[in-house]
Amino acid sequence: MDFSGVLSMLGMADWNAGAFFGALLAIIVIDLVLAGDNAIVIAMAARNLPDHLRRKAIIWGTAGAVVMRVLMTIGVVWLLQIPGLLLVGGIALLWIAYRLLTQSDDGEAHGVQATTMAAALKTIIIADTVMGIDNVLGVAGAAKGSMALVIIGLLISVPIMVWGSTLALKLIERFPATIFIGAAILVYTAMHMIVTEPVAKPLWDSVPGLSYAVYVIGFLVVLGGGWLVSRRRGAEKIAESN
């Protein structure tokens, strides 16, 4: 079949093969970079679930994330008009990173049981929705208005999240310290959303180096606070066992 005919079927009659595959490559790269964050969230949220529920949490968590991305993609123009969206999303993601980091081995996190499917899915979908803002905006920009490419981008992101979260979960089980690496990636994503928020840009530009200082503060507060809480809980468990 003539490729121009395929493009016409996709509603992209004014595109050529070079433009199509160039945009598709850009979408794949965006998904590889940004869907990795979502995979880490899924793995961290599912790590305290019983073995027989972990796979279900990954599948259903990914499905929920994709549904939210579809809804955000449909309303991407409206999303772009919301002032402070990235700032609020970044702050929410910092809190989620802290919660995931301070979950103890028995699943307690500030009184919320993380060992239930519902609790894990709630965390996954909320976090993925927040982080999906970047992904949706990136894919929508690379797709240059083509809904067909946007849909292809969503389909590509599904196996990346499923495979990535499964790999991340295995790493966390084998090397528990990688939880902090995962949290650090989430913090970086959150801080990037905050410092690229157009509403706050005049503030970051007003003081040289302020945006870099904000990154440092974010890492210190979330990772440092999470480490202190984990250390305290470890000491409490040792004291109780004695």
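Colleague: Happy to dig in with you! Is Ile74 buried or exposed, and what is its relative accessible area?

Modeller: This is a predicted model, in which local features need pLDDT of at least 70, side-chain atom pairs count only at pLDDT 80 or more, and totals for chains, interfaces and linings use all residues. Residues are numbered from 1 along each chain as its sequence is written, and side-chain values use heavy atoms, with hydrogens and water left out. Buried means under 20% relative accessible area, exposed over 50%, and partly exposed in between (1.4 Å probe, protein chains only). Ile74 falls in the exposed class because its relative accessible area is 63%.

Colleague: Nice. Stepping back, what share of the residues in the chain is buried?

Modeller: The chain has 10 helices and two strands, in the order α-α-α-α-α-β-β-α-α-α-α-α from the N terminus on. Its accessible surface comes to about 12400 Å², with 72% of that belonging to carbon and sulfur atoms. Of the 242 residues, the buried share is 48%.

Colleague: Which residues have the most contacts inside the largest nonpolar core?

Modeller: A nonpolar core is a set of buried Ala, Val, Leu, Ile, Met, Phe, Trp, Tyr and Cys residues joined through side-chain atoms within 4.5 Å. The largest one has 44 residues, and those with the most contacts inside it are Met44, Leu94, Leu100, Leu186, Val187 and Met191.

Colleague: And which element gives the largest share of this core?

Modeller: Elements giving two or more residues to this core include helix H2 (17-46), helix H5 (85-101), helix H7 (147-174) and helix H8 (178-195). H8 is mostly covered, with 13 of its 18 residues buried. The largest share, 10 residues, comes from H8.

Colleague: Which residues does Leu100 contact, leaving aside its neighbours within four places in sequence?

Modeller: Leu100 is one of the buried residues of H5, along with others including Leu93, Leu94 and Ala97. Contact here means heavy atoms within 4.5 Å. By that rule, the partners of Leu100 are Val41, Met44, Ala45, Arg47, Thr123 and Leu186.

Colleague: How far apart are the end C-alpha atoms of H5?

Modeller: The expected span of a helix is 1.5 Å times one less than its number of residues. The 17 residues of H5 agree with that expectation, because its end C-alpha atoms are separated by 24 Å.

Colleague: Now for charges: which residue forms a salt bridge with Lys201?

Modeller: A salt bridge is a side-chain nitrogen of Lys or Arg within 4 Å of a carboxyl oxygen of Asp or Glu, and the count comes to one. The two partners lie four residues apart in helix H9 (residues 201-206), about one turn of the helix. An α-helix has 3.6 residues a turn, so residues three or four places apart point the same way. With its closest N and O atoms 2.8 Å apart, the pair joins Lys201 to Asp205.

Colleague: Which residues does Val214 contact, leaving aside its neighbours within four places in sequence?

Modeller: Val214 sits in helix H10 and is buried, at 14% relative accessible area. Its C-alpha is 9.0 Å from that of Trp204, 10 residues away in sequence. The contacts of Val214 are Met191, Val195 and Trp204.

Colleague: Last one: which residues does Phe219 touch, not counting residues up to four places away in sequence?

Modeller: Phe219 is also found in helix H10 and counts as partly exposed, at 25% relative accessibility. Its C-alpha is 9.8 Å from that of Ile185, 34 residues away along the chain. The residues that Phe219 touches are Ala184, Val187, Tyr188 and Gly224.

Terms used. Accessible areas come from the Shrake-Rupley method with a 1.4 Å probe; for residues, only the protein chains shown count as cover.
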